[in-house]
Amino acid sequence: MAPGLDESELAAYVEDALSRVASASGPAALGALRAELTGRRSTLAKWHRELGSLGPDERRTLGRLLNEAERAITEALGERDAERAREARAERLVADRLSLDELVDRAVDTPLARGHRHLVTKTRDELEDVFVAMGYQVVEGPEVETDWYNFEALNLPLGHPARGMHDTMYLDVGTSESVVLRTHTSPVQVRSMEAAVRDRSLPLHVVAPGRVYRRDTPDASHLVEFNQIEGLVVDEGITFADLAGTISAFTSAYFGDDISARLRPSYFPFTEPSAEFDITCTICRGARCRTCSQTGWMELGGCGVIDPAVFAAVGIDPARWSGFAFGFGIDRCAFMRHQIADLRALVDNDVRFLRQF
Ligand code: PHE
């Protein structure tokens with residue numbers, strides 16, 4: 001029998017090798033051990049070579065034992081490798097863990113930039129507050145309207161010349177030109193009156209803010225898509241004086257006591273008499289400047305006493321009820337109050353502009 005190779009020596013060798021594998025730490029140490037235990041110059045390899053000089057029986061027995069030893073050591077190395085990888089991963093997880101406390105501390109030191117409501121939304125909210133404080137209820141209506149609500153019920157039958165004042169965008173739905181993007185918030189008047197008749201809930205004091213559309217070329221004072229707020233009162237004994245008082249109360253509540261309102265005779269098919277209302281120029285405070293074309297006033301909206309034809313369209317008895325309505329631009333209010341040079345800034349979404357309000 002060759003020196004160094006017998007069963008007990010092999011068993012002792014394997015036991016020693018396995019314990020060294022178990023205690024090897026670090027990938028470098030493990031790599032070196034793998035070379036030493038299984039490489040070409042390893043004891044096992046040497047013993048393999050020596051098998052040739054043994055008798056057949058011994059060679060078979062020892063050969064099998066040698067193979068088993070080799071497999072046991074290789075397996076142990078593989079397992080230790082996997083274990084090492086798991087340990088390394090666990091260490092990395094600990095090292096990479098983010099401390100929430102630390103993050104919170106950092107956030108407190110440098111707070112994240114916070115957004116806020118858009119100027120138009122703020123303006124709309126503030127206008128609603130003014131009217132709610134005066135006893136109005138806020139209602140909404142659809143932006144896609146039928147010709148009937150947007151025009152017909154408002155005493156603007158097909159072919160009426162005043163339709164030309166509205167640069168209407170039509171939707172390709174139903175019969176031609178029967179569905180529109182609403183050109184004003186006045187159709188919400190009609191819907192509110194219809195609902196009040198149905199529910200027998202007159203009198204009515206509502207404001208209806210919302211988006212409206214007109215086929216227009218955007219410029220410093222026009223947008224294709226903008227916002228209006230509509231007011232409607234239907235009650236007993238309502239007169240033009242109530243309308244004038246309401247406009248004046250709203251103007252000082254929203255723009256301040258040094259800004260007043262005036263009414264100018266005008267025409268709307270759904271009101272009679274009708275007026276347009278102006279407020280003191282917010283730039284020159286009435287002293288006359290370029291922005292107000294040297295008049296000291298800026299135009300804000302339209303208003304009037306509800307035309308009996310509109311009451312007839314929704315089934316309200318004009319002998320008992322009367323009312324007034326007004327409508328003006330929300331964007332325009334923001335534009336005037338904050339002296340914005342170009343309305344388009346409201347839709348550009350440039351945070352340098354928006355952040356100021
Ligand atoms: N709907 C009108 C417009 O958009 C404004 C208005 C509303 C006029 C209510 C009178 C009464 O031009």
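Tutor: On a 1 Å grid over the protein atoms alone, a pocket is an open set of points where a 1.4 Å probe fits, with protein on both sides within 12 Å along at least five of seven lines, and its lining residues have an atom within 4 Å of a point. The model is predicted, so local features need pLDDT of at least 70 and side-chain atom pairs count only at pLDDT 80 or more, while totals for chains, interfaces and linings use all residues. Residues are numbered from 1 along each chain as its sequence is written, and side-chain values use heavy atoms, with hydrogens and water left out.

Student: OK, which residues lie nearest the centre of the largest pocket?

Tutor: Those are R214, F226, Q228, E299 and L300, out of 35 residues that line the largest pocket. The space in that pocket comes to about 860 Å³, where the volume is the space filled by probe spheres set on the points, and grid points are joined across faces, edges and corners.

Student: And which element gives the most to the lining?

Tutor: Strand β9 does, with 6 residues. The elements that each supply at least two lining residues include α8 (186–199), β6 (225–235), β9 (297–306) and α11 (330–337); helices (H or I, at least four residues) and strands (E, at least two) are DSSP runs numbered from the N terminus.

Student: What about the largest nonpolar core, which residues have the most contacts inside it?

Tutor: In that core of 43 residues they are F250, F255, L300, F326 and F328. A nonpolar core here is a set of buried Ala, Val, Leu, Ile, Met, Phe, Trp, Tyr and Cys residues joined through side-chain atoms within 4.5 Å, and buried means under 20% relative accessible area, with exposed over 50% and partly exposed in between (1.4 Å probe, protein chains only). Another core lies apart from it and has 23 residues, among them L154, L204, V206 and F268.

Student: What is F255 in contact with?

Tutor: Leaving aside neighbours within four places in sequence, F255 contacts F250, I279, T282, L300, C333, M336 and R337, contact being heavy atoms within 4.5 Å. R337 also lies over the face of Y254, 4.3 Å from the ring centre; a charge sits over a ring if NZ of Lys or CZ of Arg is within 6 Å of the ring centre and within 35 degrees of the ring normal.

Student: How many aromatic pairs are there?

Tutor: Rings of Phe, Tyr and Trp (its six-membered ring) pair if their centres lie within 6.5 Å, with planes under 30 degrees apart counted as stacked, over 60 as edge-to-face and the rest as tilted. By this rule the count comes to 15 aromatic pairs. For W148 and Y149, the ring centres are 5.1 Å apart and the planes stand at 85°, so this pair is edge-to-face.

Student: Are those two buried or exposed?

Tutor: W148 is partly exposed, at 33% relative accessibility, whereas Y149 is buried, at 15%. The charged end of R191 sits over the ring of Y149, 3.9 Å from its centre.

Student: Where does R200 lie?

Tutor: R200 lies in the loop between α8 and β5, and it has a positive phi of about 50° although it is not a glycine. At 77% relative accessibility, R200 is exposed.
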